[in-house]
Amino acid sequence: MKLEVSNVGKWFGDRAILENINLTVNEHEFICILGHSGCGKSTLLNMVAGYLTPDQGEITVDGNLIDGPSKSRGMVFQDHALFPWMTVLDNIAFGPEVQKMSKSQAKETALHFLKLVGLEQYASHHPGELSGGMKQRVGIARALAGQPDILLMDEPFGALDVLTREMMRVELQKICSKLKPTILFVTHSISEAVYLADRVVVMKHGAIAEIFEVGIKHPRASHSAGFGDMMSRIEHVLMDEEQHLELATAKVGVV
Amino acid sequence: MKVTKTVAIGGDTVPGKPVAARKPFSIQQWTIIPSILFFVLWEIFSRINGSIKFFNPNFLPAPSVLFQEAIELAKTGIIVDSIVSSTIRIMIGFTLGCIAALVLGVLMSKFKSVEFWLSPVLNLVGPIPGLALLPLFIIWFGIGEFPKVLLIAWTTFIPVLVYTLDGFKSVPSTLVRSALSLGASERQIFTKVMLPSAFPNFLVGAQVSLGLSFGALIVSEMMGAKSGLGYIIVDARNYFKISNMFIAIILIGLEYSLFSYLLKLVERRVLAWRRGGLREAVQK
């Protein structure tokens with residue numbers, strides 16, 4: 001599996017959201033797309049998912065042009081988008097079921113992925129009864145149960161509190177080390193990106209500003225060698241000149 | 001699932017479990033009290049009116065008098081007959097109206113062309129009160145059961161359709177997107193995502209139109225019927241039996257409450273997954 005984004009651009013009216021995006025995602029790679037809100041990172045992800053079509057350039061998987069959503073590209077949403085009328089298990093079994101798996105087999109698959117995210121005792125609950133972090137874990141299990149070639153995650157932990165966020169990134173990392181999936185992960189948290197990604201793609205104003213190779217060994221922690229250095233390098237690229245200035249004065253003010 | 005919680009709130013006593021010990025006395029558990037008080041006040045007022053005559057005491061008989069009259073009336077069998085024929089009419093009419101609205105709602109949201117051709121027409125005829133059509137229905141179809149059921153079905157149909165269509169339109173796009181990314185076909189998305197997601201709206205529409213359907217039932221029975229609760233009212237007017245009117249009115253109220261309650265039960269069963277509202281927001 002190889003995902004290629006070549007020379008992609010997208011306009012909403014006269015406003016360019018994305019321009020000249022070139023990116024290759026290889027099999028088993030974990031790519032984080034990092035940027036401020038409104039930089040076009042979610043738009044890029046939605047185009048890869050097939051919800052939007054690029055106005056310019058093309059996105060291909062193994063040379064085949066993407067023309068609409070497909071089960072080969074699973075999606076995890078920020079607002080989890082679980083079906084509220086289904087139990088947790090039925091939610092996860094949805095993918096296998098619509099892909100013509102027998103009911104019992106689909107349930108079995110669902111249970112397998114539910115165990116993977118550690119929520120097997122909540123199988124018969126409805127999403128409304130779960131906490132935000134649990135819902136997101138179910139969302140991940142549901143996307144994985146669809147057996148996608150690539151997993152797309154659109155700020156999946158963006159709506160969670162800081163503590164849950166930290167826990168979720170550790171869990172996601174564990175899952176990744178087990179399953180070795182290919183992931184395209186959108187976030188605006190630098191530490192999250194450095195913690196998870198093989199490569200961090202920093203986007204600014206609708207273009208890729210720089211791509212960082214994070215060579216730190218898993219499992220990472222904020223005190224791992226090179227972690228802080230990588231974070232400050234990314235932060236430097238991400239911030240505009242005047243923001244640096246603002247930050248500097250703010251720090252002086254606090255001191 | 002959440003039954004254990006609602007039991008305490010609903011006030012049902014579980015045998016062997018002392019409610020009072022768990023919870024201090026609360027007026028909230030005695031929902032029948034306001035209704036009883038209403039009838040008691042009515043009784044007192046009617047009796048006072050009977051002696052000092054603010055107005056003709058015949059215009060407002062006391063509940064105790066009504067109760068005796070109702071027993072007399074029931075002995076003739078007319079009450080049971082009326083309730084049975086009214087119930088059959090409303091059940092058939094209401095069910096037909098709901099089914100038609102659901103089917104058309106599905107067709108209109110699934111096929112653009114159906115919506116294109118039907119939507120303007122429905123906007124045109126929808127706002128016309130169904131009752132305005134009754135004389136026409138009677139001329140067309142006579143005074144049999146058909147025009148009555150048709151009127152009830154039509155009155156039910158429009159609001160349910162409006163709510164159902166709104167339900168289909170407001171399915172969150174992320175739900176459709178996630179189904180697409182899991183490999184669901186267009187057909188599967190419709191049956192497994194759109195329908196269940198729009199169903200709560202359909203039920204709200206049914207609740208809303210139940211009141212209108214009852215209005216249609218009573219009016220249709222007041223015009224050219226030989227049985228039914230509405231018929232009792234017209235008949236009582238002709239013979240100036242005001243007590244019979246009150247009996248019919250109270251029975252209509254009771255029957256409506258019963259139907260509304262049944263619909264609520266369906267809703268609670270089907271929408272067990274839905275939580276929210278003030279009660280969920282602040283749990284005491």
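These notebook entries record what I looked up in a predicted model.

**Conventions.** I number residues from 1 along each chain as its sequence is written, with chains lettered from A and ligands numbered from 1 in the order in which they are written. Because the model is predicted, local features need pLDDT of at least 70 and side-chain atom pairs count only at pLDDT 80 or more, while totals for chains, interfaces and linings use all residues.

**Entry 1: the sheet of chain A.** I took helices (H or I, at least four residues) and strands (E, at least two) as DSSP runs, numbered from the N terminus. Chain A holds an open sheet of four strands in the order β2-β1-β4-β5, with antiparallel pairing. Two strands pair if DSSP finds at least two bridges between them. At the edges I found β2 (15-26) and β5 (64-65) of chain A, each pairing on one side only. Strand β1 (residues 2-12) of chain A runs antiparallel to strand β4 (residues 56-61) of chain A, and five bridges join them. I noted A:Leu3 opposite A:Val61 in β4(A).

**Entry 2: helix α4 of chain A.** I checked the length of α4 (residues 132-145) of chain A: its 14 residues should span 20 Å at 1.5 Å a residue, and its end C-alpha atoms are 20 Å apart, which agrees. The expected span is 1.5 Å times one less than the number of residues. Eleven of the 14 residues of α4(A) are buried, so the helix is largely enclosed by the rest of the structure. A residue is buried if 20 or more other C-beta atoms, placed from the backbone, lie within 10 Å of its own. Among the buried residues are A:Lys135, A:Arg137, A:Ile140 and A:Leu144. The cover over them includes α2 (88-98), α3 (103-116) and α5 of chain A. After α4(A) comes A:Gln147, with a positive phi near 50 degrees.

**Entry 3: the domains of chain A.** The domain assignment, automatic or from a database, gives domain 1 (29-52 + 66-72 + 150-255) and domain 2 (84-147). Their C-alpha centres lie 26 Å apart. Ten residues of domain 1 are in contact with ten residues of domain 2; contact requires C-beta atoms, placed from the backbone, within 7 Å. On the domain 1 side, helix α5 (residues 162-179) of chain A gives the largest share, four residues.

**Entry 4: chain B against chain A.** I found 14 residues of chain B in contact with 20 residues of chain A. On the chain B side, α9 (173-181) and α10 (186-222) of chain B each give two or more residues, and α9(B) gives the largest share, six residues.

Note on methods:
Two residues are in contact if their C-beta atoms, placed from the backbone, lie within 7 Å. A residue is buried if 20 or more other C-beta atoms lie within 10 Å of its own, exposed if 12 or fewer, and partly exposed in between; C-beta atoms are placed from the backbone.
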